[in-house]
Amino acid sequence: MRFQALALDYDGTLASHDRLADPTVAALERARRAGLQLVLVTGRTFFELARVCSRLDLFDVVVAENGAVLHDPVDDTIRDEGPPPPPRLIAALDRHAIPFQLGRVIVATAHSYEAPVRRLMAEVGVERDLVRNRAALMLLPRGVSKGSGVRHALERLGLSFHDVLAVGDAENDLELFAACGFAACPGNAVAEVTRVADWVFPGDGGEAVSRAIDGPILSGTLPAPRSGRERLTLGWARSTTEPVTIPARGVNILIHGDSLSGKSGLAGGFVERLVAARYATCVIDPEGDYQALADMRGVTWCEIGTLEGWNDALAVFERNPAASVVADLSALSPERQLELVRHGLVMLRRLRALRGRPHWIVLDEAHYALQAGGVPDDAAGLDAKGFCLVTYRPSLLRDRVLDAVDLFVFGRTTSPAELEFLRALLQRRGQGDATILETLPALTPPDYLLASGGAPGASR
């Protein structure tokens, strides 16, 4: 699992006793050199943060006051995401001797004062959200949170939330987690946070986080996330009606079936789910079967007839991290199609290495491009995962292409040659149960079989 950015809490996550330790600073510097963008997300008032943290320059954007203030360290600008505290609220707190800290937008006090604070807000007619942060209580404008703040920051940086790992330790970090694709915490996090985190890093605070950055984060060796948030529903099991889901990241899928078996419809439905979940997706469409997807919000249809057409298509991903593109090559001869598919895959591979998107590439009629003599393996980029290959002739795919597939979705298959090929393929992958293939000739849309590293199961 590789990320484009880290969204990091300050106190208890990066800092201890107000300060960043030298090993933590060194780990953040290495993360920046590796190409990760860093967003600091804290509940502290901006002025207090500037007083205790001398290395705000490490971060591309600083989200302070629990999402209420955005600071750009490069151009030294500050933008408030909410109104300042009402003077009548401040006067009431002062009059009742409730200690508080005042920021540009936020008011903070101790959690033990929650009851009198609620009473005073009702008395003076002020509506504010009360957010707990361990022993602290923050008073914020309605709708302002670490989640809203980091969403503004990611928009400014041109990043997809799917490519961001949030790291925090306290209750107010739950909104931060919800705004990012993945979530982690150090071992000293509160119970509510550890329950929802994808990963819990052994140890406390900055020491745990810096070890994680230098280890599994930068090396891309984090285990599978445990929360299951980044999963997609393909359908449901006929026997139980339970949803059939697959990982949304880090896998390649092959959809196979006879002509008119419904495989293009299944692939189109898969793309619709990707688009709805805001995964950037590129559909390479050699036969014009996916034009209807252009009616969906966030999908751009591009006719690819030249290399310049690919430039236009990839520019869509540059402008919008959640955009999707249907690249239509149906007007071209097979020879020209193959040439431009190869060029497109090379360009997409470079863009993915730079930006992390598109998250998915759907290649229809994959047997034309990925057979012997087709697009070379190094150009195709299947090792980066996030491919959905659609074909009615898997027997034409190169062995290295098939070896890169993690999940198989089978529709109706009646060709004896393809059935025998699939039998040998599944046996090679340790899934040689003949009863699986016996069902394929009788399948009718919308029934399919899903086969992965474990036992296959029916999906509708």
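Me: How many helices and strands does the secondary structure of the chain come to?
Reply: The model is predicted, and its chain has 460 residues, of which 53% are buried. Along its principal axes the C-alpha trace spans about 85 × 50 × 45 Å. The secondary structure amounts to 16 helices and 25 strands.

Me: What share of the contacts with a separation of 6 or more comes from residues 24 or more positions apart?
Reply: Contact here means heavy atoms within 4.5 Å. Among contacts in the chain with a separation of 6 or more, the share of residues 24 or more positions apart is 63%.

Me: Which strands are the edge strands of the sheet of eight strands?
Reply: This open sheet has mixed pairing and the order 7-6-5-4-1-12-13-14. Its neighbouring strands are turned against each other by 20 degrees on average, with direction ignored. An edge strand pairs on one side only, and this holds for strand 7 (77–80) and strand 14 (199–201).

Me: Which residue of strand 5 stands opposite Val 41?
Reply: Strand 4 (residues 37–41) and strand 5 (residues 61–64) run parallel and are joined by three bridges. Val 41 has as its opposite residue in strand 5 Val 63.

Me: Which strands does helix 4 touch?
Reply: The sheet concerned is open, with four strands in the order 8-9-11-10 and antiparallel pairing. Its edge strands are strand 8 (101–102) and strand 10 (129–133). Helix 4 (residues 114–124) packs on this sheet, and its direction makes about 165 degrees with that of strand 10. The strands touched by helix 4 are strand 9, strand 10 and strand 11 (136–140).

Me: Which residue of strand 9 is the bridge partner of Leu 102?
Reply: Strand 8 and strand 9 (residues 107–110) run antiparallel, with two bridges between them. The partner of Leu 102 in strand 9 is Val 107.

Me: Why does Pro 86 count as buried, and which residues does Pro 86 touch beyond four places away in sequence?
Reply: Pro 86 lies in the loop between strand 7 and helix 3 (87–95). Pro 86 counts as buried because its relative accessibility is 17%, and the cut-off is under 20%. With residues up to four places away in sequence left out, Pro 86 touches Val 126 and Arg 128.

Me: Which residues form the covered face of strand 16?
Reply: Strand 15 (residues 231–236) runs antiparallel to strand 16, and five bridges join them. The two strands form a hairpin with six residues between them, and Thr 241 in the turn has a positive phi of about 65 degrees. Leu 232 stands opposite Ile 246 in strand 16. The uncovered face of strand 16 (residues 243–247) holds Pro 243, Thr 245 and Pro 247, and the covered face holds Val 244 and Ile 246.

Me: Which residues touch the most other members of the largest nonpolar core?
Reply: In soluble globular proteins, nonpolar side chains tend to be buried together. The largest nonpolar core has 50 residues, and its largest share, six residues, comes from helix 11 (residues 334–355). Another core, of 33 residues, lies apart from it and includes Ala 15 and Leu 20. In the largest core, the members that touch the most others are Ile 284, Trp 310, Leu 370 and Leu 389.

Me: Which residues does Leu 389 touch beyond four places away in sequence?
Reply: Residues up to four places away in sequence are not counted here. The residues touched by Leu 389 are Ile 253, Leu 254, Ile 255, Leu 363, Ala 366, Leu 370, Leu 382, Val 401 and Val 405.

Me: Why does Arg 398 count as buried, and with which side chain does its own side chain make a polar contact?
Reply: Arg 398 is placed in the loop between strand 22 (387–391) and helix 14 (399–403). Arg 398 counts as buried because its relative accessibility is 17%, with the cut-off set at under 20%. A polar atom of its side chain lies 2.9 Å from the backbone oxygen of Gln 371. The side chain of Arg 398 also makes a polar contact, at 2.7 Å, with the side chain of Asp 377.

Notes:
Residues are numbered from 1 along each chain as its sequence is written. This is a predicted model: local features need pLDDT of at least 70, side-chain atom pairs count only at pLDDT 80 or more; totals for chains, interfaces and linings use all residues. Side-chain values use heavy atoms; hydrogens and water are left out. Buried means under 20% relative accessible area, exposed over 50%, partly exposed in between (1.4 Å probe, protein chains only). Two strands pair if DSSP finds at least two bridges between them. Axes are lines fitted to C-alpha atoms, for helices over the stretch in contact, and angles run from 0 to 180 degrees between N-to-C directions. A polar contact is a pair of N or O atoms within 3.5 Å; within protein, one must be able to donate a hydrogen and the other to accept it, and residues adjacent in sequence count only if both atoms are side-chain atoms. A nonpolar core is a set of buried Ala, Val, Leu, Ile, Met, Phe, Trp, Tyr and Cys residues joined through side-chain atoms within 4.5 Å.
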